[in-house]
Amino acid sequence: MTTPPSTPAAAPQSRGRSDYEQGVVPAAERKGWLPIAGIWIAIGIDLSGTIMGVQLGAGMPFGEALAATIIGSVLLGVLAMACTYVGAATGFTSSVIARTVFGRAGGRVISIAMAISSLGWFGVQTGFFADNARIAVDELLHVDVPVQVFTVIGGALMVLTALWGYRSIERLSSWAVPLLIALLGLAVVLAFVQFGSGQLFAEVTPQFTFGGAVSLVMGIFVFGVVISPDIARWARTPKHAMAAGFIGFFIGNSLIVIVALVLSRVMGAQDLMRMFFMLGLGAIAVVVLTLAQWTTNTNNLYSAALNLSTIFTRVSRRTLTVIGGVVAIAAALFGIYDAFIPFISVMGTFIAPYGGVYLAEFFARRSSRLRSGSAAVPAVDAWAFVSWAIGGLVGVCTTQPGNGLGLGLFTLTTIPALDAILAAFAAHALIGLVRRNRGADAANAAPDQNADGDAQDLHAAAEIAKGVDR
């Protein structure tokens, strides 16, 4: 296997920008699969997963809930293999990919949507942190501290790491993941020792369909899969990225959900912090809470800043990180985390199809701008938006009203988030076929005088794609 070469086109763009927001990550800067997988495992271990595990435990038989978690996580891992391949092969962030696929102006629309989603998710996770930190401090010190204090302190801590970019995220994850896995494993063992397993298979009133549960499990992390090129572009080769993507997203998404599912059924509790205190692990609870939310939210803000960097090109990524962090902390103070289930439903329905569009652009179109290095990047590629809209519409139609934002008109795979991605992929692949047959690609809008940067970026991506073993 050959290593993706560093290209002259990437160097001018990366000079002075340590995270190569607008350029290609050079070969000398790229990493093996293990540290990248560790980042995604760390991101996946968060409190939203514990909430999902508790809700599945209360609304489904244990066996079905466990199966839904595993299947949803496997599907995420498989999807991540495709998305991370694109990121490693091009060396681009998800926002630069959006600009290439949807056009110079159209890509900004997608970048804004992804930035809002990342900041919203940061606010949700910060709210979870603050609420649980308040409980932990009250239990440990018997001091009632306003939740807003933890929101600001926790949010500020998460902003600090994001300021330093990928390298700080990697270092944080490298020691956080082993510690988190060990502490969660200890909690499960103590739960069985102290409470037994009598309630594990107790009957419950069904509240979720199996497909709906799988979709919700995917929805927790599907946005992370779609924007995985932000991290995957640092992989040494596409195969390294694929290995890291599957392992990272499968373990990262399933581990915390399964732990919460087991603990809630065995202990009959619905709050992870209180479960740890019931097990006599109060101090450990604070460590788990801090590390879980810290590693997750740092990446949320990092991705938001990368997306904003393609819109506000004259503002540094660090400045955008601070501004985005302040906005997201404010959203947390106003209680955005109360809309957890609707939020992940919206992400699964409308953000996930974007992944289907760029996957079709890369894998299904011979004349793909991502592959060819073509300078013909239009201002807006309307057909890409049509494909995205088709995917979103299918997601709405296949989501049951009780499982989130949807109409429940019909079912395909029974997993709405997957339906949306597959529909967007199929639509864009079909549209690309028709356009090629009609010669539409050749007639695509020519670049203007401001498109030189796009041409250099795409040429660099093409050279990288030619230099790797597919």
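Reply:
**A loop and its surroundings**

L412 sits in the loop between α17 (382–398) and α18 (416–437). This is a predicted model, in which local features need pLDDT of at least 70 and side-chain atom pairs count only at pLDDT 80 or more, while totals for chains, interfaces and linings use all residues. Residues are numbered from 1 along each chain as its sequence is written, and side-chain values use heavy atoms, with hydrogens and water left out.

L412 has 53% relative accessibility and counts as exposed (buried is under 20% relative accessible area, exposed over 50%, partly exposed in between, with a 1.4 Å probe and protein chains only). The areas come from the Shrake-Rupley method with a 1.4 Å probe, and for residues only the protein chains shown count as cover.

As background, the protein exposes about 17,100 Å², of which carbon and sulfur atoms supply 66%. Of its 470 residues, 59% are buried. The fold has 19 helices and 0 strands (DSSP runs numbered from the N terminus: helices are H or I with at least four residues, strands E with at least two). Among contacts between residues at least 6 apart in sequence, 86% join residues at least 24 apart, a contact being heavy atoms within 4.5 Å.

Other loops can be read in the same way. A202 lies in the loop between α8 (166–195) and α9 (210–226), and is partly exposed at 26% relative accessibility. H142, in the loop between α6 and α7 (147–163), is exposed at 66% relative accessibility. The phi of H142 is positive, near 55°, although H142 is not a glycine. Most residues other than glycine have a negative phi. G91, which follows α4, also has a positive phi, near 80°. Helix α4 (residues 62–90) has 29 residues and spans 42 Å from first to last C-alpha, close to the 42 Å expected at 1.5 Å a residue; the expected span is 1.5 Å times one less than the number of residues.

On the charged side, the structure holds 2 salt bridges (a side-chain nitrogen of Lys or Arg within 4 Å of a carboxyl oxygen of Asp or Glu). One joins D131 and R134, with N to O at 3.5 Å. These residues are 3 apart in helix α6 (residues 104–141), and so are separated by about one helical turn. D131 is partly exposed at 25% relative accessible area, and R134 is partly exposed at 26%. E139 and R274 also form a salt bridge, their closest N and O atoms 2.8 Å apart. E139 lies in α6 and R274 in α12 (residues 272–278), so this pair ties together parts that are 135 residues apart in sequence. Here, too, the side chains belong to partly exposed residues: E139 has 32% relative accessibility, and R274 has a relative accessible area of 38%.
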